[in-house]
Amino acid sequence: MTKRKMKWFGMAMTGVLAFSLSACGGGGSTANNASDGGGTTDSGTAAGTTEPAAENITITFQNIYPDASDPKNQMMKKIVDQYEKDNPNVTIELDSLNTDQQKLKLKTQAASKEVPDITVVNPAAQMQPFVDADLFAPLNDMVEENGLKDTFQSGILDYYTFDNNLYALPDGNNIGVVFYNKKLMEQGGVEVPTTFEEMIEAIKTLKSKGIQPMVLGEKDTWTGSFLFMNILLRTNGGPGFLQDVLDGKKTFEDPAYVDAITAFQQLVDAGAFQDGATSFDYNAGENLFKTGTAAMYYMGSWATGGIETAEVSKDGNVGVFQFPTVNGKGNPDEFMLAPGSAFAISKDSKHLEETKAFLNYFMLNFPKEAFEAKGAVGIAQNVDGDFKAAGYSEMAMNVLDLFKKVQGGDLAFDNTMNPAVTQVHLSGTQSLFVEKKDPAAVAKELQTAYEENK
Amino acid sequence: MNVLKVSRWTIAAFILPCLIVYVGLVFIPILVSLYSGLLDWNGIGQSTFVGLDNYVKMFTRDAVFWPAVRRTFTLAGFSMLVQVPIALLVAVLITRFVRRPNFLVSSYFLPVILSVAIIGQLWKTIYNPASMGGMINQILTSVGLESWTHSWLTEPKIAIYAIILVSLWQYLGYHILIQFTGIQNIPSEIYEAAKIDGADGFKADRYITLPMVLPILKISIVLSFIGSLQSFDLIMVMTGGGPAHATEVLASHMYNMSFLTMQYGYGSAIANVLITICLIATVLINLLFNRLEKRYS
Amino acid sequence: MSQFASSAGSKPALKILGRRFSFKTAIAFVLFGILLLTQLYPLVWLLIYSLKTNEEILSGSFFALPAEWQWSNYQGAIEGGNYLRYLGNSLFVTATTMAGVILLASLAAFAIARFRWKYGQLVMLLFLLGMMIPMQGTLLPLMIIFKNLHILNTHLALILPYMAFQMPIAVFILSGFLRSIPHEIEESAIMDGAGPFRIFRSVILPVSIPPMMTVCILTFINVWNEYILAATFISSEKLKTLPFGVYSFVSQYSVNYGAIGAFLVLAALPVILVYFLLAEKITKGMVAGAVKG
């Protein structure tokens, strides 16, 4: 095809697209001025819902609470409704997605600088690329307003701060714990283990009595990694292993990492996990524990709410314990730390000030509403109120007690390392579930990937 | 020879609307992807032009790539050499034995129209361990073949075949439909003439149906090849490419690289390889069938 | 034209032959039966699944029926999943896409198959290339294009790419069909002094109904279940489509499997209905369309 024709093609194409646009996109309510504000567009097709023109604005609130039966979803809707009532000119458009889809969507939107007014990011290394691309508005001034900053637990905001600029406000702050089914443990005749060695023995005993010792939804890979990292936190004798790797002080071939792999293999060899663990997604794995089919379950404290309301928790049947020492190393009061997903505001938001005002309101009301919805275990803000009196279960109280013991710990792998290295670590850990591998070889593979993707 | 002689403006009026939508939304993105394949880019921030580095890395250092290629071709191979022939056989049998074939053909087609979300959920349940309600393992256990039970989706050597089976099952009806309509289209006079010459039943199939149905068979094979190469949603739903990449195919590898590990440039390079393989294979299949058709006609 | 109608019919000669070999017939019908069972099974399974409780689904035996039929799952699905709104959006997007594909593709197919011009095959080749392209590979470029066209978060952002991706197969089927029509059909129209547009409208369109049905069905199937583009380009709750509803039940930390099942049934219902209503036509269309491919 000749150049001239190509040019002609291009022109004609623009014409047709423009035509079809006016044909299809017309009939909408508002001719939104330059409607490229990501989700901010008040779109065409639906009938006129908007009230008088002037300063009516729509804020798009991308979130990961899509399930209407989930307390978080109800909480969010309640706060949003109240805000819309108080500010009749503001419409909050909820774009509720599941986690995976939200991640994909945000990445696609970020590539074309189309970030919605409010979106959801994960802490530290996971949000670094977005911050580097200068997509988010700093919230330093906003968080000072109405004393919002003081509602957050001390130190938590650091995970969302880059070069002294705060870019996101977290909804959660969790730790890794082991839930256990008291009835099944009793049936198996095992005690709560205080060392990893005891844990292995307990697993073998449970297994021999036909009780499923542990469950895990390893299709999602971060689940096994979270447990693995807790073992590493022990074999390393304390936190900071990944940071040492980043600083060039250690490599993945360090004995601490190799020992962690060996210990993890002991778990697998002892038959700790259910058959086919790698095809269970997170929910399916957790549901096995919730339906009372497994004795122990290692997970972040965010699972508390779900387990609490499940069948298995009747009569205070579920307890929690700290992950034990491994090979006599480590301090059980150091936990896997999981600062939660967090709300960030697009730098290019058409209504930056209004969006900030809304998010400020939202976060201020978050702890109170969460407390009432019995979802306040593991949120990132301080809660005034007597949990016991409010009817929180004994298990929830135990989890809260564990929070008080925290003397530091490590972040999940993907919050410390870049995505490419993380992917190698995740699939390396997943492979431990299904085949016998030389720990040194697994470690070496990761080290190679790390050097390649530094 | 076509009889309608028209001005180039008329041609433009007929062909351009379609071509513009198509070129603008399918072709231009692919050109962009060709270019992205030359970048070191996480999809968000600054990009660096790295020439063919992505391809060099893919062919020489990516431990996942070649096994994924092998699995992709295994899937395509099963689809072309097992699924399509079975579909042809079923289509021949339907034409021969069934008086009102439409209900049957339509029913066989049903899995094609169901969302992969449903298909994936169903087969995951079928493959589950017996203790969790897995049908296959429950049946094996109940007939005393306990040693044959497997964790079908999580044993690295088996998992990909478990997925291939689902894929073959899902699209069988699609190919039955195509073959069936192809056979329907063979004029019945030919069979009648052959019958007079003493060829009927399966003999007629061998000497009439098979050669006559070749063009349709070609379409079926090309579609099954392209479909196999692009299939990835089933894998994402069932295993997510795991355990440890054991069920990773080219399309899922591309998706993971582009969107999970944020190596968008690298992911684009994989996409480009995928498209190239499709192109080459289509040309080869065409050549092969042209030869076959010549030999038979 | 009558040739096509007859070609879709059955072959009586063969039928009679088949009758005689009752043993072979029996084997064939056993095979048909097994296939029917395996291919229809998912629907039955899904129906049962949708009426179970979470616990039954996760721990129950595979063949077990629900202890109590949980019709409330359907209520939950309709209320919690915004079923009717999503259904409306899905119908609108799918119908518009189908209409657009049919119109544009048949125009193009007509030009490729019946006009006397040099580049027909070249254009055809260009369309065939499109069949090789994986949709998810175009996600990011499409986002940028739609941003510049200012149509993100409108139904157009779905309809346009859906149309574009259906174009190759549609042009392929329609032009294949048109090539098989004898030329006399438009020769007589030319004698009457009809121009190409009138020939298209009053001669070609009416006879192309069967392959159009095929194109419709294929488009419907592909568009109805599409999720990735829909979730990426649409943000407003009031514009979202059905597959989105399915996934909206799957939240971060909790799941209601029975309601998902119910929603899946409800989401699959329209496509199954449409398919079985048009099943006869699609077979005919395929016959007509694919023959000269």
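User: Hi! In chain B, what share of the contacts with a separation of 6 or more comes from residues 24 or more positions apart?
Analyst: Hello! In this predicted model, residues 24 or more positions apart account for 68% of those chain B contacts.

User: And how does that look in chain A and chain C, for contacts between residues at least 6 apart?
Analyst: In chain A, 76% of such contacts join residues at least 24 apart in sequence. For chain C the figure is 80%.

User: Back to chain B, then. What is its secondary structure?
Analyst: Chain B has 12 helices and two strands. Along the sequence the pattern reads α-β-β-α-α-α-α-α-α-α-α-α-α-α, and the C-alpha trace spans about 75 × 75 × 30 Å along its principal axes.

User: Let's do interfaces. How many residues of chain C are in contact with chain B?
Analyst: 77 residues of chain C are in contact with 78 residues of chain B. On the chain C side, the largest share comes from α3(C), with 14 residues.

User: What classes of residue make up that chain C side?
Analyst: It divides into 55 nonpolar, 15 polar and seven charged residues.

User: Which helix of chain B does α3(C) cross there, and at what angle?
Analyst: The axes of α3(B), residues 65-97, and α3(C), residues 22-49, come within 11 Å and cross at roughly 120°. The two helices are therefore oblique to each other, and the crossing is left-handed.

User: Which residues make that contact?
Analyst: From α3(B) there are B:Val90, B:Leu93 and B:Phe97, and from α3(C) there are C:Thr25, C:Ala28, C:Phe29, C:Leu31 and C:Leu35. By class, seven are nonpolar, one is polar and none is charged.

User: OK, now the side of chain B that touches chain A. How many residues are in contact?
Analyst: Here 27 residues of chain B are in contact with 28 residues of chain A. On the chain B side, the elements that give two or more residues are α1 (8-36) and α11 (250-260). Of these, α1(B) gives the most, with four residues.

User: How does that chain B side divide into nonpolar, polar and charged?
Analyst: It has 12 nonpolar, 13 polar and two charged residues.

User: You mentioned α11(B). How do the axes of α11(B) and α12(B) cross?
Analyst: Helix α12(B) covers residues 264-296, and the two axes come within 7 Å and cross at roughly 160°. That angle makes α11(B) roughly antiparallel to α12(B). This crossing is left-handed.

User: Who meets whom between those two?
Analyst: On the α11(B) side are B:Leu250, B:Ala251, B:His253, B:Met254, B:Met257 and B:Ser258. The α12(B) side has B:Tyr264, B:Tyr266, B:Gly267, B:Ser268, B:Ile270, B:Ala271 and B:Leu274. That contact has nine nonpolar, four polar and no charged residues.

User: Changing topic: how many residues are in the largest nonpolar core?
Analyst: It has 309 residues, and those with the most contacts inside it are A:Phe179, C:Ala105, C:Ala108 and C:Met167. Helix α9 of chain C, residues 156-179, gives the most to this core, with 18 residues.

User: What does A:Phe179 touch?
Analyst: Leaving out residues up to four places away in sequence, A:Phe179 touches A:Phe289, A:Tyr297, A:Met299, A:Ala303, A:Ile307, A:Val318 and A:Val320.

User: Last one. Where is A:Gly340 found?
Analyst: A:Gly340 is in the loop between β11 (335-339) and β12 (342-345) of chain A.

User: Why does A:Gly340 count as partly exposed?
Analyst: Because A:Gly340 has 19 C-beta neighbours inside 10 Å, while a residue needs 20 or more to be buried and 12 or fewer to be exposed.

User: And what does A:Gly340 touch?
Analyst: Not counting residues up to four places away in sequence, A:Gly340 touches A:Pro170, A:Asp171, A:Gly172, A:Asn173, A:Asn174 and A:Ala380. A:Gly340 and A:Ile156 are 184 residues apart in sequence, with 9.5 Å between their C-alpha atoms.

Notes
Residues are numbered from 1 along each chain as its sequence is written. Chains are lettered from A and ligands numbered from 1 in the order in which they are written. This is a predicted model: local features need pLDDT of at least 70, side-chain atom pairs count only at pLDDT 80 or more; totals for chains, interfaces and linings use all residues. Axes are lines fitted to C-alpha atoms, for helices over the stretch in contact, and angles run from 0 to 180 degrees between N-to-C directions. Angles under 35 degrees count as roughly parallel, over 145 as roughly antiparallel, 65 to 115 as roughly perpendicular and the rest as oblique. A crossing is left-handed if the near helix is turned anticlockwise from the far one by less than a right angle, and right-handed if clockwise. Two residues are in contact if their C-beta atoms, placed from the backbone, lie within 7 Å. Ala, Val, Leu, Ile, Met, Phe, Trp, Tyr, Cys and Pro count as nonpolar, Asp, Glu, Lys and Arg as charged, and the others, Gly among them, as polar. A nonpolar core is a set of buried Ala, Val, Leu, Ile, Met, Phe, Trp, Tyr and Cys residues joined through C-beta atoms within 7 Å.
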